[in-house]
Every structure is written in C-alpha cells, then in structure tokens.
Amino acid sequence: MSLHDLAATILARRGADPETSWTAKLLAKGPEKCAEKFGEEAVEAIIEAVKGDREKLTSEAADALYHLLVMCAARDVSLDDIEVELVRREGRSGIAEKASRSR
C-alpha cells in the first residue's frame, strides 16, 4: 500500500462507524487524541531504532506513518498539502530551512 492509498483509506473511513473502524474511532475522539496516539507511536519507533531491531522498527515506523496521517486528517491537512510543502523545500539546505522557521 502506498502512502497515497493509505491517506485515501483514512479519508474514506472518516465518516465510518467508530465501532467498526479504528480510523473512525480515532478521528471521533478528536485531533488531540490523534496527536497523542501519533506521539506514542513515534516514541515506539524511536525505541526500536535505538535498540537496532530492524523488523520491529519497520513495523513501528509503519504505525507512526499511519498515525501521522490520521493526526493530519483530524486537522484537515492532507498528504497533498504535506507534499506541496516538501516540494517548496526541495533544493534548500535543511540548515537554512530550520533557520528560516526559528525567526
């Protein structure tokens, strides 16, 4: 499944019954809960990266990507919006990008 497929699935499940869809259940709990869940999954990915377990890191990274997209969907930020921002930054030094955001 591509990230675009995943993002489309998340949007399709937005109005689904929270009793039958984990995505709908998360979205029904609101953006704050979606953000909390993304944070939990990101920390789990970090832990596996530190441990060096490639298989577990792969699984946790997939969870983190899913929950990132759910969190963004909860605030009406689409994968397309994120891609536009990445294109805007393309060819720009990461150091310069960070410096421009801290002002």
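How many positive and negative side chains does the protein have, and how far apart do the centres of the two sets lie? There are 16 positive side chains (Lys and Arg) and 20 negative ones (Asp and Glu), with His and the chain ends not counted; the two centres lie 5 Å apart, each charge being placed at NZ of Lys, CZ of Arg, CG of Asp or CD of Glu. This is a predicted model, in which local features need pLDDT of at least 70 and side-chain atom pairs count only at pLDDT 80 or more, while totals for chains, interfaces and linings use all residues. Residues are numbered from 1 along each chain as its sequence is written, and side-chain values use heavy atoms, without hydrogens or water.

**Overall build**
- The protein has 6 helices and 0 strands, taken as DSSP runs numbered from the N terminus (helices H or I, at least four residues; strands E, at least two).
- Of its 103 residues, 26% are buried, meaning under 20% relative accessible area with a 1.4 Å probe, protein chains only.

**Nonpolar core**
- The largest nonpolar core holds 13 residues, of which I10, C34, Y66, L69 and V70 touch the most other members; such a core is a set of buried Ala, Val, Leu, Ile, Met, Phe, Trp, Tyr and Cys residues joined through side-chain atoms within 4.5 Å.
- Helix 1 (3-13), helix 2 (22-28) and helix 4 (54-74) each give two or more residues to this core.
- Helix 4 gives the most, with 6 residues.
- Beyond neighbours within four places in sequence, I10 is in contact (heavy atoms within 4.5 Å) with T23, L27, Y66, L69, V70 and A73.

**Lysine 37**
- K37 is found in helix 3 (residues 31-51) and counts as buried because its relative accessibility is 18%.
- Leaving out residues up to four places away in sequence, K37 touches W22, L26 and H67.

Methods. Buried < 20%, exposed > 50% of the residue type's maximum accessible area, 1.4 Å probe, protein only.
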